[in-house]
Amino acid sequence: MGKLVASRIRFMTFTFLRHFSAKPKTTPEMISSLVFNEDLKHRNHPGIIKPRTPTFPEWTLKEISNILADHQISLKEIKESAEKLLNHLNGRHQPIQEAKLYEKLLKVEKCLNVNKDDDEKVSIEDIDFKKNRRAKLLLKQNVYNWQPINFDKLTCLTYMVGRIVQHYAVSHKILKEIRIRDEDFKPQTLFDFGSGLGTVTWAASEIWPNSLKEYLCIETSKPMIELSERLAKVAKPKIKNIFHREYFPASPNPTYDIVVSAYSLFELPGTESRLETILKLWQKTERYLIIVEQGTNAGFELVNEARDLVLRYTKSKYRRGDQQNAYVFSPCPHDLKCPRFGEKTPCNFNVLYHPLPFLKKPQHKSENYSYVVLKKDKRPENDEQWPRIVRATLCRGKHTICRMCVASGELREEIFTKWKHGRDVYRCARNSKWGDRLPIHYKELEDIPEGNDTGESAVE
């Protein structure tokens, strides 16, 4: 009996201490009250970007079937070609710079001269790579042979089958976030560089059907333009005033409310060409510039290159005009150096999509992509700068683990529990997915209490 009473006393003491322990406030009062009053469900908190799986338009499925039938394309052959093209795109790297190329060639020369006497050593200038098989193999291993994709008619059809749904899903999700977070933004014009099949214009016309009045699409491939025009004619809602051009306009005027470059930077022949194009795109931007690439390390490097260039340019003395302020609208909650830069893990995000029905693949697949949305304006003083979840949320028993990029420009991993963070924050974290924002604010601990030397951050 004495043991039972003692255990009850210990339990009551533990409960008493835990009940009166300090729980940091982690959500703004407005959001907490909405959740508490059930006006806002935790699964629909303001940081969630929906829909999770954008629905591919029915009219597009019918038209794709008609296009393949008109060209008498074998579904088996086109599926095999699409798989090869996808593998090529996912393994792609940017063109190597001349300075780095010479370093790579010297590395090949060094490998060829291993364990050779001085008289037997060869110079890179004297190597015939056509006849020397070992030299040719070493060259392939060390130097990426970048080549632009020739988008002829067959390649365009293959690209349509292999990539059209993913492009639409990514474009829809990015544009939808702008629509949700900037409700007053009513774009009238859109500029799409490397427009391809026109997926960006479909997504934009669905999200802003009443405000968008003009679309300018830049695409160098004539067969791709033909496919895009055919698809645009049957689009629902109807896309009016859409213009296709093969070349970038020479004049920076007029500007466009939304400027997009989706999966196009890899087609440019080098760093100088990319940087020149990005600055031209920024000069054509009135409000939002969107850069999207594959969610690989190489794709992330191109996106980060564009992000840093625009942010540096707007702070330099070479900027044009007075309205050249810029900040990162999405995905970063800050304008500092990307904490992923220099790591082997890219900063990428994930979207679910339904593959084309005739491909007979699983009902759901996922697409990784890297992107940045830059807004031509000063960052608002009331900008929440909520942390962005940069990896899949791990939901475990009575706790949830979120890996986030925070406003201080750092990556943080937080273990959310009811007792530590409160019921509302815990449930918001548990219902958040990769790519969502979490409605909390971090504050560094200035005075760490005695006995606590963990150096962890607090949330308020």
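This is a predicted model: local features need pLDDT of at least 70, side-chain atom pairs count only at pLDDT 80 or more; totals for chains, interfaces and linings use all residues.
Residues are numbered from 1 along each chain as its sequence is written, and side-chain values use heavy atoms, with hydrogens and water left out.

Reader: How many helices and strands does the chain have?
Author: Helices (H or I, at least four residues) and strands (E, at least two) are DSSP runs, numbered from the N terminus. Counted this way, the chain has 13 helices and 14 strands.

Reader: What percentage of the residues in the chain is buried?
Author: A residue is buried under 20% relative accessible area, exposed over 50%, and partly exposed in between (1.4 Å probe, protein chains only). The chain has 460 residues, and the buried part of them is 47%.

Reader: What share of the contacts with a separation of 6 or more joins residues 24 or more positions apart?
Author: A contact means heavy atoms within 4.5 Å. Among contacts with a separation of 6 or more, residues 24 or more positions apart account for 75%.

Reader: How many salt bridges does the structure hold?
Author: A salt bridge is a side-chain nitrogen of Lys or Arg within 4 Å of a carboxyl oxygen of Asp or Glu. By that rule, the number of salt bridges in the structure is 19.

Reader: Which residue forms a salt bridge with Glu63?
Author: The closest N and O atoms of this pair are 2.7 Å apart. Glu63 is in helix α3 (residues 58–70) and its partner is in helix α9 (residues 222–233), 167 residues apart. The partner is Arg230.

Reader: Which residue is linked with Glu63 and Arg230 in a network of salt bridges?
Author: The network holds Glu63 and Arg230.

Reader: Is Arg163, which forms a salt bridge with Glu367, buried or exposed?
Author: The closest N and O atoms of Glu367 and Arg163 are 3.0 Å apart. Glu367 lies in strand β8 (residues 365–375) and Arg163 in helix α7 (residues 153–181), 204 residues apart. Glu367 is buried, and Arg163 is likewise buried.

Reader: How many residues apart in sequence are the parts that Lys375 and Asp182 tie together?
Author: The two side chains meet in a salt bridge at 3.2 Å, N to O. Lys375 lies in strand β8 and Asp182 in the loop between α7 and β1 (189–193), so the parts tied together are apart in sequence by 193 residues.
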